[in-house]
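Hello,

Here is the structure we spoke about. Please load it before reading on.

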Amino acid sequence: MRVLILNFILSTAVDGKILRRKSNHDTMIYTMARGFVANGHEVRLLASEDFRPLEPERNEFEVVYFPSALPSVFKPHLLPNPAGLRRYLAQNAHDFDMVLSVESFSIPTLIASMVCPEKLMIWQEVGVYQRFAKKIPAKFWCHCIARPFMGNTRLVAMSPGARSFSKRFMKRVSEKVVAHGADETLFYPSDQSEDYFVVIAMLVKRKRVDSIIEKFADFNRSIPRNIPC
C-alpha cells in the first residue's frame, strides 16, 4: 500500500520558536512512517519547510517540504498553511491508497478533505478544545468547519479521550485506538527489572525538570532505608 502522510508540524516549538534540529529522526511521525515501511508499505511524508533539518537525512521514506503561506497570520508551529498543497494533492493523491492527515483542527486536513475525501483518514491526538481565546476558535473550527466539511471523513484517535471528543463533531470515528507507539530501536522489552524514576517531558525551562528531580531526591531521602520502594 502507498501511504501519503500530512504532518506539517514535526516537533513542538519552544516559547513560540521552532528549533531547527540536525535530524527529525526521533519525531513521532517519523516513527509512524518507519512502522509503515517495516510492514511493507511505501510512504511519503509532507512537512513544513520550517522544520527541515539542518543536515541531510537518510530515511526509508521520502519527505517533501512545503513553504508556509502567510506565516505571520498562520503560524507554522501552530496552524501551518502549506503553499501549493491543494495543487500537489490534486496532482498526486491518485498515486496513493491512503492519505493520512494528523489532527482535524488543521488546514492541511481541510484541504485534503476537499481534494481527496475518499482516500483521507484523520489521525486525531487532541481530545479537548484548545484553551486559546476562551476556546472560541477551537469550538468554531470543530462545529462550523470540521462538522460540515470533514464530518464524513474516517477518523482514528490516538487515545480513548480523543475518540470521545471527536465523536462530538465527526460521524465516522473508529472504535479502535491507534496510539503513538514507540521507537523499537530505543525502547524494547527486557527480562531484567530495576527501579527507575522516569520523567517524560521536553528538556526546556518551562517544564522544570530540574525541580522534579530535586523533589524526587527529597522524597527519596525521606524513605526509611528498610522499607522497599
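This is a predicted model: local features need pLDDT of at least 70, side-chain atom pairs count only at pLDDT 80 or more; totals for chains, interfaces and linings use all residues.

Residues are numbered from 1 along each chain as its sequence is written, and side-chain values use heavy atoms, with hydrogens and water left out.

Fold

The protein chain has 6 helices and 7 strands. Helices (H or I, at least four residues) and strands (E, at least two) are DSSP runs, numbered from the N terminus. Their order from the N terminus is β-α-β-β-α-β-α-β-α-β-α-β-α. The C-alpha atoms fill a box of roughly 65 × 45 × 40 Å along the principal axes. Of the 229 residues, 39% count as buried. Buried means under 20% relative accessible area, exposed over 50%, partly exposed in between (1.4 Å probe, protein chains only). Among contacts with a separation of 6 or more, 58% join residues 24 or more positions apart. A contact means heavy atoms within 4.5 Å.

Helix 1

Which residues of helix 1 are buried? They are Ile29, Tyr30, Thr31, Met32, Ala33, Arg34 and Phe36. Their cover includes strand 1, strand 2 (42-48), strand 3, strand 4 (98-102) and strand 5. Just after helix 1, Gly40 takes a positive phi of about 90°.

Aromatic pairs

The whole structure holds 8 aromatic pairs. Rings of Phe, Tyr and Trp (its six-membered ring) pair if their centres lie within 6.5 Å; planes under 30 degrees apart count as stacked, over 60 as edge-to-face and the rest as tilted.

One of the pairs is Phe8 with Phe66, edge-to-face, at 5.8 Å centre to centre and 75° between the planes. Phe8 sits in the loop between strand 1 (2-6) and helix 1 (28-38), and Phe66 in strand 3 (residues 62-66); the two are 58 residues apart, so to speak distant parts of the chain that the pair links. Phe8 counts as buried at 4% relative accessibility. Phe66 is buried too, at 6%.

Tyr129 and Phe165 also pair edge-to-face, at 5.0 Å centre to centre and 75° between the planes. Tyr129 lies in the loop between strand 5 (120-124) and helix 4 (136-150), and Phe165 in helix 5 (residues 160-166), so the pair ties together parts 36 residues apart in sequence. Tyr129 is buried at 11% relative accessibility, and Phe165 at 3%.

Ring pairs also link Phe8, Phe66 and Tyr88 into a cluster.

How many cavities of 30 Å³ or more does the search find? It finds 1. On a 1 Å grid over the protein atoms alone, a cavity is a set of points where a 1.4 Å probe fits but cannot get out, and a pocket is an open set with protein on both sides within 12 Å along at least five of seven lines; lining residues have an atom within 4 Å of a point. Grid points are joined across faces, edges and corners, and a volume is the space filled by probe spheres set on the points.

The largest cavity holds about 40 Å³. Its lining includes Glu103, Gln124, Cys142 and Phe165.

The second largest pocket has a volume of about 320 Å³. Of its 13 lining residues, the closest to its centre are Thr31, Arg34, Gly35, Ala182 and Glu184.

Best regards
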